[in-house]
Amino acid sequence: MSNKTEFYQRFKEQFAEREFDPKETMKWLTHDKIITMSWGFQNPIAIMDSGLLFKVNGHHHKGWVLITLAWNDTYTLRFFSHQFKETKEKVTDVYCDLLQKTVDEEIEKISDYSH
């Protein structure tokens with residue numbers, strides 16, 4: 001079984017929370033295009049309307065990011081290696097207006113940057 005197939009099975013069993021609109025989440029995630037581009041953002045995939053998965057190549061994290069929506073209307077972020085074998089980091093209770101900032105802090109942001 002491929003790593004992606006295993007990941008999708010794990011997603012249904014372990015990560016899926018509630019359904020949401022991935023297009024709306026993409027708007028929150030990419031509202032400042034320059035920040036999003038700095039992550040090496042690529043391959044966004046909506047997973048069963050319960051997750052948004054994308055690949056990044058940032059300063060702090062290189063691999064995959066999974067965004068799910070919790071029942072309290074906050075996002076949960078999980079950061080995976082390239083092979084989906086382990087969750088490297090998990091961030092919970094992220095409000096929509098802080099989504100891009102929070103992802104940026106985990107993936108790319110360096111405190112010396114002025115932007």
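**Exercise 1.** Does histidine 61 count as buried or exposed, and at what relative accessibility?

*Solution.* The coordinates come from a predicted model, and the solution begins by placing the residue, which sits in the loop between E2 and E3. The next step is the cut-off, since buried means under 20% relative accessible area. Histidine 61 has a relative accessibility of 5% and therefore counts as buried.

**Exercise 2.** Work out which strands pair with E2, in what sense, and over how many bridges.

*Solution.* Begin with strand E1, residues 42-47, which runs antiparallel to E2 and is joined to it by four bridges; within this pairing, alanine 46 has leucine 52 of E2 as its bridge partner. E1 and E2 form a hairpin with three residues between them, and methionine 48, in the turn, has a positive phi of about 50°. Then turn to strand E3, residues 62-69, which pairs with E2 over six bridges, again in the antiparallel sense. Here phenylalanine 54 has valine 65 in E3 as its bridge partner, and the hairpin that joins E2 to E3 passes through four residues.

**Exercise 3.** Explain why strand E2 is described as largely enclosed by the rest of the structure.

*Solution.* Strand E2 spans residues 51-57, and of its seven residues five are buried, so the strand is largely enclosed by the rest of the structure.

Methods
Residues are numbered from 1 along each chain as its sequence is written. This is a predicted model: local features need pLDDT of at least 70, side-chain atom pairs count only at pLDDT 80 or more; totals for chains, interfaces and linings use all residues. Side-chain values use heavy atoms; hydrogens and water are left out. Buried means under 20% relative accessible area, exposed over 50%, partly exposed in between (1.4 Å probe, protein chains only). Helices (H or I, at least four residues) and strands (E, at least two) are DSSP runs, numbered from the N terminus. Two strands pair if DSSP finds at least two bridges between them.
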